[in-house]
Amino acid sequence: MKGTFRITLDYLQKLGACLEGQREFKRAFPDGGGYQEVLDRCAEEGCIDFTRYINTE
């Protein structure tokens, strides 16, 4: 993926992320995060289901 796509809390809310996921995202990325940065962090923390969800949207 090229570009600077950023994942934000607003974006996750539009995807229908659960409240727990939204809280964790806000804790880890209070100002949002780059696409790859967020995917890497999810993998590090074992949130593989979440990464699959982002990739299918």
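Modeller: Start with Gln 22. Its side chain reaches the backbone oxygen of Ala 17, at 2.7 Å. Keep in mind that this is a predicted model. Gln 22 belongs to helix H2, which covers residues 19–28. Is Gln 22 buried or exposed? Its relative accessible area is 13%, so Gln 22 is buried, the limit being under 20%. Now look at what lies around this residue. Setting aside neighbours within four places in sequence, Gln 22 is in contact with Leu 9, Gln 13 and Ala 17.

Side chains of opposite charge can pair when their charged atoms come close. The structure holds 4 salt bridges. One of them joins Glu 24 to Arg 27, with the closest N and O atoms 2.8 Å apart. Both residues lie in helix H2. They are 3 residues apart, about one turn of the helix. Glu 24 is partly exposed, at 38% relative accessibility. Arg 27 is partly exposed as well, with a relative accessible area of 48%.

Where does Arg 27 lead next? Its side chain also meets that of Glu 45 in a salt bridge, at 3.8 Å from N to O. This pair links distant parts of the chain, 18 residues apart. Arg 27 is in helix H2, while Glu 45 sits in the loop between helix H3 (35–44) and helix H4 (48–56). Glu 45 is partly exposed, with a relative accessible area of 41%.

Glu 45 has another partner. It forms a salt bridge with Arg 41, and here the closest N and O atoms are 2.7 Å apart. Arg 41 is partly exposed too, at a relative accessible area of 26%. Shared partners join Glu 24, Arg 27, Arg 41 and Glu 45 into one network of salt bridges. You can trace it on the structure: Glu 24 to Arg 27, Arg 27 to Glu 45, Glu 45 to Arg 41.

Arg 41 also brings us to the rings. Its charged end sits over the ring of Phe 29, 5.8 Å from the ring centre.

Now the ring pairs. A pair of aromatic rings is described by the distance of the centres and the angle of the planes. The count comes to 3 aromatic pairs. One is Phe 5 with Tyr 11, an edge-to-face pair. Their centres are 5.3 Å apart, with 80° between the planes. Phe 5 is partly exposed, with a relative accessible area of 35%. Tyr 11 counts as partly exposed at 23%.

Phe 5 lies in the segment before strand E1 (6–7), and Tyr 35 lies in helix H3, so the pair ties together parts that are 30 residues apart in sequence. Tyr 35 is buried, with a relative accessible area of 17%. Together, ring pairs link Phe 5, Tyr 11 and Tyr 35 into a cluster.

Notes. Residues are numbered from 1 along each chain as its sequence is written. This is a predicted model: local features need pLDDT of at least 70, side-chain atom pairs count only at pLDDT 80 or more; totals for chains, interfaces and linings use all residues. Side-chain values use heavy atoms; hydrogens and water are left out. Helices (H or I, at least four residues) and strands (E, at least two) are DSSP runs, numbered from the N terminus. Buried means under 20% relative accessible area, exposed over 50%, partly exposed in between (1.4 Å probe, protein chains only). A polar contact is a pair of N or O atoms within 3.5 Å; within protein, one must be able to donate a hydrogen and the other to accept it, and residues adjacent in sequence count only if both atoms are side-chain atoms. Contact means heavy atoms within 4.5 Å. Rings of Phe, Tyr and Trp (its six-membered ring) pair if their centres lie within 6.5 Å; planes under 30 degrees apart count as stacked, over 60 as edge-to-face and the rest as tilted. A charge sits over a ring if NZ of Lys or CZ of Arg is within 6 Å of the ring centre and within 35 degrees of the ring normal.
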